[in-house]
Amino acid sequence: MANTIYILNGPNLNLLGTREPEIYGNATLADIKTACAARCKSRGYGMSFHQSNIEGEIVEHIQEAGCKAAAVIINAAAYTHTSVALYDSLKALSIPVIEVHISQPAAREAFRGTSYIAPVATGSISGFGTNSYLLAIDAAIDTLL
Ligand code: DQA
């Protein structure tokens, strides 16, 4: 069985650290990657971590995960609320998918109340800051046990 957790990040998450810190905190995406790698390693898994501002590139990573990953953790960022393409690609997977958000989208603007990821995810973790990622790793791996 595959031993790698794919962690995929959508648009503008490359700006973490400076982007709306009152909502997203001060950690950079590099900080999150380091923390996620350590958590995956401590649980006996490898990690493949990606960020893209381009919807089609995220689709490519999801398709690759279908062949190479044990599970997918995805913060689709704004594409959460718009992307049928991500919905379709995640729906085609037969491995656990965990939706993750740093903030709690349902408590923000009304348009963030719609998720195209949640209906094709095993579960969703939102609102715990960057710790949402670590909770998602534990949830993904616990699902595989
Ligand atoms: C986000 C929430 C989304 O609504 C937003 O578009 C993002 C980040 C989060 O992690 O809280 O870019 O996914």
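Aspartate 138 forms a salt bridge with arginine 43, and their closest N and O atoms are 3.0 Å apart. A salt bridge here means a side-chain nitrogen of Lys or Arg within 4 Å of a carboxyl oxygen of Asp or Glu. Aspartate 138 lies in helix 5, whereas arginine 43 lies in the loop between helix 2 and strand 2 (46-51), so the pair ties together parts that are 95 residues apart in sequence. Helices (H or I, at least four residues) and strands (E, at least two) are DSSP runs, numbered from the N terminus.

Please note that this is a predicted model, in which local features need pLDDT of at least 70 and side-chain atom pairs count only at pLDDT 80 or more, while totals for chains, interfaces and linings use all residues. Residues are numbered from 1 along each chain as its sequence is written, and side-chain values use heavy atoms, with hydrogens and water left out.

Which residue forms a salt bridge with arginine 39? The partner is aspartate 138, with the closest N and O atoms 2.6 Å apart. Arginine 39 belongs to helix 2 (residues 29-42) and aspartate 138 to helix 5 (residues 131-144), so this pair ties together parts 99 residues apart in sequence.

Arginine 43 also forms a salt bridge with aspartate 142, at 2.8 Å between the closest N and O atoms. Through shared partners, salt bridges join Arg39, Arg43, Asp138 and Asp142 into one network.

Let us turn to accessibility. Arginine 43 is partly exposed, with a relative accessible area of 28%; buried means under 20%, exposed over 50%, and partly exposed in between (1.4 Å probe, protein chains only). Aspartate 142 is partly exposed at 42%.
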